[in-house]
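Subject: A structure for you

Hi,

My notes on it follow below.

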Amino acid sequence: MQSNCNSSPELMRAVALSKAYAQRRGLFGRGFAVEALCGVDFEIHRGSTMAIVGESGSGKSALAKCLAGIETADRGEIWLEGRNLTAIPAARRLAAFRAVQLVFQDSASSLNPGFTAEEIVAEPLVIERWGTASDRKLLALNLIEQVGIDAKSASRRPLEFSGGQRQRLAIARALALQPKLIILDEALSGLDLLTRSQIVDLLRELQAQQGLTYLHITHDMDLARRWSDEVVAMRSGRIAERRPPSLSHAPVLEPELADEPLPVRVGG
Amino acid sequence: MAYLRQRLLHSIFLLLGVTVFSFALCEMAPGDYFDEMRMNPSVSRETVESIRQQYGVDQPLPVRFGRWVASALQGEFGYSLSYNSPIGPLVWARARNTLLLTTMATLLAWAIAVPLAVWTAHRRGKWEDRACAAGTSALLCVPDILVALGLMLLAVQTGWFPAGGMVSVGFDDLSFVGKAKDLAWHLVLPVSALVLGILPALVRHSRAAVGEAMQAPFVDAARAHGIRPMRLMFRHVLPAAANPLITLFGLTVGNLLGASLLIEVVMGWPGLGPLLLEAILARDLLVVIGVTVFSTFFLVAGNLLTDSLLFAADPRIRAEAR
Amino acid sequence: MLQLLSISNLSVWFSGASGLTPTLSSLRLALAPGQVIGLLGESGCGKTTTALAILGLLPAAARVASGSIRFAGRELLGSSEAEMRALRGAQISLIPQEPGIALNPVLRVGEQIGEVLRAHLPWGRKQCRMAAEEMLAQVGFSDVPRIYQAFPHQLSGGQQQRVTIAQALVCRPQLVIADEPTSSLDPASRAEILALLKRLRHSIGVAMLFISHQPAVLAEIADRVVVMHKGRIVEEGPTAQVLENPQHPYPQALLGCDWSRESYAVELQ
C-alpha cells in the first residue's frame, strides 16, 4: 500500500481543538462539563486515508462532528487547504464545510425512510440549489450507478435495500457535492465481512479516480490496519499516539474494567 | 423530588399567567353587563352610569384586577350581577354537578377503553381488531350533539329515562337511598352521551400504545423465555405502554370541567356549562373569568398529576430528571 | 450417543409480496450434549430462521415445508404452543443480538431474570430473587444488589449482555442459542462476553448453537463450524479445519475478507 503521507500537500489541519458538552442536573441543578476533546492537533494529507481508533468516550465522534462542521469547537482552529474555517463568521461557515462530508454508522436511521434512493442522493444538490431538477436526477442516478447499485432500483425506499446497499447510498449522497474529504464514522461496523470488503474496495476505487481523502473512525483495529496510511489512537479526548499501520498491533488501549459504571464525568 | 417541586412551581406560574391573561381578554372585550339596560329607553343614562359606578365597572383595568384578586383570596372571586351572589360559591356548586358527571364518564370510558385496547391488540389484524377500529371511526364521525339529541329522543319516546335535568321534583323529600337512585337514573343519559364522545379517541390511543409496546423486541425476547401470554401482557407489555397512557390520562383529567359543556346545555344538567353560556350571553364577565380560572386549575392539576405518575412509573424519566 | 438436537431435511418458505421464497433448504444439523456449534454466514443466509424454527417462534409468514427438529428425542415441529412454551427458557433458551432492546426498559434487571424463573418453576418471590442474584454473581457482577435493582438504561452494553446471558442460563437449559451475542458490542466488551460464555459453558455444561458472521468469534468458542449460504449448508467440520482450510468457494471468499485472520490462526493451533 502506497503511503501518501508526506509527499502530497496538506488538506486539513486541526489545531488545539477543544470541545466540552455542558450538562445540568435538572433545571436548577449545578452544571458540569463533559470534556469530549482536549486540545487535539493533527493534519491529514490529500489523497490519504487516516484511521482514528479509540473506545467509546474517547472523543472520536466529537472530533468527526467538529471536522465536518456539524458542531463548533469551543477552542482551536480548523484549516482546510490553507483557509481558516473557524474564522469564517457563523452565517457562511457551513458553506465552507461543504468540502467535508460525513457517512454515519447506522444507515437505516441516517437515510430518510420516506424518501426514495434517488431523492436521498439528490438532496444535497437540492439544498445547494444546484442545476435543474432533471440535471439533479441525472447526476443522482449516475452516482447511484457509480457506487454499484442498479439505477433501476433508484425509486425504492431505503428499507427495501440491504445494509450494505444502504451504506453505498450514503456514500453516493456524500459524493454529490464533490467533497475533498469524506469522514466515515464507524460506517463499516456491523456489516458482513464480504460486504465490508466490497465497500472498502469501492472506496479505494473512488479515491483513485477522484483523489478523495478519507478519515475513518472505527473501533476495529484490524480494519484500521488494513485500510489506512496512518492510524491515530484517541483516549479521553486526546490523541494518544499515531503510527503507521504496519506497527499497529492490538491492543493499543487497555480494555474497560468489568463493573465500571457509564462514562466518568469531569467536574466543572 | 426536586423534579416535582419544579413542576409545582411551573404549575403555579401557569395558573397565575392564565388568570391574568383571561382577565385582560375578557375585560378588553367591548360591552358590559349594563349594555342591555342602556338600550332600554325607559332607563335614563344617568341611572345607568350611577349603577355602573356603584359596581365599579368604570374603573381602569388594573384597579379592577386588584379588587378581583382581593376578592378571590377571600374565596368570593367577585360578584355575579345576574345571579346576585358571590361567584366563588356559585361556581363551586355548579362545578360539583359537572364533576359528578364527568368523573363518572371518564372512569367508565377508561374502564372500557383499556381492556378493549388490550384485547384488540392481542387479536391484532383479526376481525375483532378491525371491527373495533371501524366502530371507533364511526363514533368519531358522529357529532356529540347528535348523540345527545339521539339519546334525548330515546328518553322521550320510551320514557325509560328522564329527558334531562339532574333531579326529579320532590328530590328533597326522598330517603338517602331514594335520592341516590333518582340521581343515578338521571345520570344515565348524560353519562352515556359523554362516554360515547370520549371513548373513540381513548380506545384508539390506548390501542396504539399497547400495540406499539407489543411489537417491541423485548416482548419477543420475553416470549423466547417461555413467559405465558397473560403474564406477558400484564407484567411486561402494559408497564412499558404506561407512559403514553398516563399522559393521556392526565389530559382527560385536565378536561374534566370542559368536556361536558355541550351535553349539559342540551340535556339540562345544572353544571358549569349552562352557567358559562348564560354568563357569556349576559356579559356577566366575572362569572366567565371565574369559570375559566376553575377550569385552568383542573387542567394544571391534571398536568401535575401526569408528571407525578410518570415520574413514579417510568424509570427513564427519573433518570432524566436527575 | 443420543444427539441433543437433530435437525434433518428442514425446509422453510416465506410468503411475501413476490410469492413464496425458500429461506431454508434441506437443512441438516446435529448437536451433541455440551457441544458448541458455530453457525457462520452473512445476513440473509437463514441463520436466524434456523434459530426461530428451533424455538417455534417463526413469524406467521413462514411455512415449514418439510423436515424434522428433534430435541432430546422429542419432535418439536408440530408440538403445541404450550409444549413449546415449557421448553423455551427452561430447556432451550436464546441470547439475543442487541441486549439494549431485548430488555424491558421499565422493569428492574433482577426482576427480569426472576420472570424467567417464575415462568417455569413454582418458586416464591424470595427464592426467585436469591436464584437471580446467584446467577448475576455467576455472570461476573461483583456488586450484585446494586445491579439487581438497576434498570437496563443504567448499564453499559457489556453489562446488559451479561444480564441477558443470566436470563438465558438461570433455568439451566440444555441448549442455548446465541444469536450474534457480540456483534453489537465494542471489542473490549466482546472479549469479556466471549470469555464469560466459555467459562459458563464448561461450568454449566450447556450445549450452544452460536450464530455469528465473524469467524474470529467462532474460532474462540466453537468446537465445530457450519457455514451457511442462501439457506443451505455449504461446508461443515471441526473449527480449525473449516476456518483454516475451507474447501467450498463461499467460505474461502468469506475468510479471505476476514482481516482478523492472523490473530485467530494463532489461537487455533
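What percentage of the 322 residues in chain B is buried? Buried residues make up 32% of them, where buried takes 20 or more other C-beta atoms within 10 Å of a residue's own, exposed 12 or fewer, and partly exposed lies in between, with C-beta atoms placed from the backbone.

Before you go on, some conventions. This is a predicted model, in which local features need pLDDT of at least 70 and side-chain atom pairs count only at pLDDT 80 or more, while totals for chains, interfaces and linings use all residues. Residues are numbered from 1 along each chain as its sequence is written, with chains lettered from A and ligands numbered from 1 in the order in which they are written.

**Chain B**

Chain B has 14 helices and two strands; these are DSSP runs numbered from the N terminus, with helices being H or I of at least four residues and strands E of at least two. Along the principal axes, its C-alpha atoms fill a box of roughly 85 × 60 × 40 Å. Of the contacts in chain B between residues at least 6 apart in sequence, 72% join residues at least 24 apart; a contact here means C-beta atoms, placed from the backbone, within 7 Å.

Chain B splits into domain 1 (12–86) and domain 2 (97–321), with bounds from an automatic or database domain assignment. Taken over C-alpha atoms, the centres of the two domains are 35 Å apart. Between them, 18 residues of domain 1 are in contact with 15 residues of domain 2. On the domain 1 side, α1 (2–28) and β1 (79–80) each supply at least two residues, and α1(B) gives the most, with eight. That side holds nine nonpolar, six polar and three charged residues. For these classes, Ala, Val, Leu, Ile, Met, Phe, Trp, Tyr, Cys and Pro are nonpolar, Asp, Glu, Lys and Arg are charged, and the others, Gly among them, are polar.

Look also at α12 (residues 272–282) and α13 (residues 285–313) of chain B, whose axes come within 8 Å and cross at roughly 145 degrees. The axes are lines fitted to C-alpha atoms over the stretch in contact, and angles run from 0 to 180 degrees between N-to-C directions. B:L272, B:L275, B:L276, B:A279 and B:I280 in α12(B) meet B:V287, B:V288 and B:V291 in α13(B), and the contact divides into eight nonpolar, no polar and no charged residues.

**Chain C**

The contact between chains C and B takes 24 residues from chain C and 16 from chain B. On the chain C side, α4(C) has the largest share, four residues, and by class there are 15 nonpolar, six polar and three charged residues.

Strand β3 (residues 36–40) of chain C runs parallel to β8(C), joined by five bridges, and C:L39 has C:I211 as its bridge partner. Strand β7 (residues 175–179) of chain C also pairs with β8(C) in the parallel sense over five bridges, with C:V176 opposite C:M208. Pairing requires at least two bridges found by DSSP.

Enjoy exploring!

How values were computed:
Two residues are in contact if their C-beta atoms, placed from the backbone, lie within 7 Å.
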